[in-house]
Amino acid sequence: MAESQDARVAEIAAQVGISARATLAILKDLEDAGYLTRHRVGRRSHYTLDTHQHFRHPATASHEVGELLAIFTSGVRAPSGTVR
C-alpha cells in the first residue's frame, strides 16, 4: 500500500499472504489510529499513508513510520509526505 495507493485489498492480501478480511481489518485499525486515510474514488478506495506519524510504543515513539518504510521501499518520498 505504501508503494501503490491504487492497490486493491485482494492484491494487498495476496502480496502479504493473508486473507482479504484480515487485510480490511488491519487497514481499518490503521485508519482508526491515524496512520492512513481512506479516500473514495468512484467505487474504489485509495489509501494515503501518513509517513510522519510516530509509533505509539514508548521505545519507538521518537521514530516516524516513514523511517521504517524507507527500509522496505525505495524510500522516495512523494511531495504529499507519502512514500512511493
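Tutor: Begin with burial: buried residues make up 26% of the 84 residues in the chain. Buried means under 20% relative accessible area, exposed means over 50%, and partly exposed lies in between (1.4 Å probe, protein chains only).

Student: What kind of model is this, and how are residues numbered?
Tutor: This is a predicted model, where local features need pLDDT of at least 70, side-chain atom pairs count only at pLDDT 80 or more, and totals for chains, interfaces and linings use all residues. Residues are numbered from 1 along each chain as its sequence is written, and side-chain values use heavy atoms, with hydrogens and water left out.

Student: How many helices and strands does the chain have?
Tutor: Helices (H or I, at least four residues) and strands (E, at least two) are DSSP runs, numbered from the N terminus. This chain has three helices and two strands. Along the sequence the pattern is α-α-β-β-α.

Student: Which residues of helix α1 are buried?
Tutor: Start with the general idea. An α-helix has 3.6 residues a turn, so residues three or four places apart point the same way. Now the case here. In α1 (residues 9-16), Val 9, Ile 12 and Ala 13 are buried. They lie on the same side of α1, because they cover an arc of only 100° around the axis. That arc is taken from the directions from the helix axis to the C-beta atoms.

Student: What does the face of α1 turned away from the buried side carry?
Tutor: That face carries the exposed residues Ala 10, Ala 14 and Gln 15.

Student: What covers the buried residues of α1?
Tutor: The cover includes α2 and β2. Such cover is judged by contact, meaning heavy atoms within 4.5 Å.

Student: Where is Leu 27?
Tutor: Leu 27 is in helix α2 (residues 20-32). With a relative accessible area of 6%, Leu 27 is buried. Its C-alpha atom is separated by 9.1 Å from that of Val 9, 18 residues apart along the chain.

Student: Which residue forms a salt bridge with Arg 38?
Tutor: Glu 31 does, and the closest N and O atoms are 3.7 Å apart. Arg 38 is partly exposed at 38% relative accessibility. Glu 31 is partly exposed too, at 26%.

Student: Where does Ser 45 sit?
Tutor: Ser 45 is in strand β2 (residues 44-49). It is buried, with a relative accessible area of 17%. Leaving aside neighbours within four places in sequence, Ser 45 is in contact with Gln 5, Arg 38, His 39 and Arg 40.

Technical notes: A salt bridge is a side-chain nitrogen of Lys or Arg within 4 Å of a carboxyl oxygen of Asp or Glu.
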